[in-house]
Amino acid sequence: MASHRRPKQPSRARVTVLTVTAAAAVAFTAQSGAQAAPAKPTIDEVKSKVDKLHHEAEEATEQYSLAEERRGKLQTEIGNLQDKVARGQQELNTLRDQIGSVASAQYRSGGIDPALQLFLSADPDTYLDKASAIDQLSAQQADVLTSIQAKQRTLAQQRAEATTKLADLEDVRKTLGEKKKKFQAKLAEAQKLLNTLTAAERAKMQEQEQRASRDAGERVNLGNEVPASQRGAAALAAAATQLGKPYVSGAEGPNAYDCSGLTMWAYGQAGVDLTRTTYTQQNDGVKIGRSQLKPGDLVFFNGLSHVALYAGNNTILHAPKPGAVVRYESMSYMGTFQFGVRI
């Protein structure tokens, strides 16, 4: 007969241990969750990350502008080649018509044996004149054939060159798309970071930048340095009239600028044609060191991704970055100095 025993109840001490253990586990889980939650970045941290992204976006923008410049040149070269090919084909057709006319003239005049023609001719002098003309026609035919062969070779070379340039153009267009996506992605990432700040924090960051720009402008007025040249002084003065204009990737003025767009526009007002990008403007003058800088010189930073106009007293005038405006800036905030260029 089965026994009916009551199950053994856990001791009070055991219950206490289990309860304490469970509570500790809950507390540990809550503590781990609290540690996993990332702390909100400070204004300075956000600014540093945003500035880095803006520099990367600017580098991609300059590479985009360089590819755009290359695309424009290729299209011009291809258009010129296509015009040459079209004109060459017309010349070739004209030469072929000439050779046909020469052949017809020979056939009409040379259908009878020359000796028999002389015997039958009522006017031997007239026949001899005709015979001389036939010899001239033969010489002309040889010249035309030589011209046709030369023109065919030229046309083949021009068509091959045009085909190569068209392939280059397609590669450049692909590069343009990649660079545009890159700087747009960097700008979007920077904006996402800025959106983590409150409106008050963003306003504070902007005020700090504006105050720094005002201080830099005051230092320029205190410098009174001799400009690099009359044209350098004129370019710097022209750029100063654009203070407050917004930075826009790829813009060349007069309503907005990127960094090399501003320097190109400013020197254009001084009668100097600079090339379009930082990568090419570095070759538009003579490279100089930091101690040699004078107002109006170009100043390059951060691996040639940024260019500015030296304004004097360790200060530059430039289109700094997306979301900012043309302004003065201390060179101390600009990252790695590369070199200056005197136009």
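Let me begin with a term: two residues are in contact when heavy atoms of theirs lie within 4.5 Å. The structure under discussion today is a predicted model.

With that term in place, consider Ser260. This residue belongs to helix H7, which spans residues 259–269. Once its neighbours within four places in sequence are set aside, Ser260 is in contact with Glu62, Arg276, Thr277, Thr278, Gln281 and Val307. Is Ser260 buried or exposed? Its relative accessibility is 0%, and therefore Ser260 counts as buried.

I turn now to the chain as a whole. Eight helices and six strands are present, and along the sequence they follow the pattern α-α-α-α-α-α-α-α-β-β-β-β-β-β. Of the 343 residues in the chain, 34% are buried. The accessible surface comes to about 20,400 Å², and carbon and sulfur atoms account for 54% of that surface. As for contacts between residues at least 6 apart in sequence, 70% of them join residues at least 24 apart.

Next, helix H6. Its buried residues are Gly232, Ala235, Leu236, Ala238 and Ala239. These residues cover an arc of only 160 degrees around the axis, so they lie on the same side of H6. What covers the buried residues of H6? The cover includes H7, S3 and S4.

The loops on either side of H6 also deserve attention. Ser229 is found in the loop between helix H5 (199–223) and H6, and at 28% relative accessibility it counts as partly exposed. Along the chain, Ser229 and Ile343 are 114 residues apart, yet their C-alpha atoms are separated by 8.5 Å. The loop between H6 (230–240) and H7 contains Pro254. A cis peptide bond, with omega about 0 degrees, joins Gly253 and Pro254.

Backbone geometry brings us to two further residues. Most residues other than glycine have a negative phi, and most peptide bonds are trans. Asn313 has a positive phi, near 55 degrees, and Asn314 has a positive phi of about 60 degrees. Asn313 lies in the loop between strand S3 (306–312) and strand S4 (315–318), and Asn314 is also placed in the loop between S3 and S4. Asn313 is partly exposed, at 29% relative accessibility; Asn314 is partly exposed as well, with a relative accessible area of 27%.

Finally, the aromatic residues. How many aromatic pairs does the structure hold? There are three aromatic pairs, and I shall describe two. In the pair of Phe300 and Phe339, the ring centres are 5.5 Å apart and the planes stand at 45 degrees, so the pair is tilted. Phe300 lies in strand S2 (residues 298–301) and Phe339 in strand S6 (residues 337–342), so this pair ties together parts that are 39 residues apart in sequence. Phe300 is buried at 0% relative accessibility, and Phe339 is buried with a relative accessible area of 16%.

The rings of Phe301 and Phe337 have their centres 6.1 Å apart and their planes at 75 degrees, so that pair is edge-to-face. Since Phe301 lies in S2 and Phe337 in S6, the pair ties together parts that are 36 residues apart in sequence. Phe301 and Phe337 are both buried.

Two charged residues complete this region. Lys287 lies over the face of Phe339, at 5.1 Å from the ring centre. The charged end of Arg290 sits over the ring of Phe337, at 5.5 Å from its centre.

Conventions. Residues numbered from 1 in each chain as written. Predicted model: local features only at pLDDT ≥ 70, side-chain atom pairs only at ≥ 80, totals over all residues. Heavy atoms only, no water. Helix = DSSP H or I, 4+ residues; strand = E, 2+ residues; numbered from the N terminus. Buried < 20%, exposed > 50% of the residue type's maximum accessible area, 1.4 Å probe, protein only. Areas by Shrake-Rupley, 256 points an atom, 1.4 Å probe, with all protein chains shown as cover. Arc of directions from axis to C-beta. Phe/Tyr/Trp six-rings, centres within 6.5 Å; stacked < 30°, edge-to-face > 60°. Lys NZ or Arg CZ within 6 Å of the ring centre and 35° of its normal.
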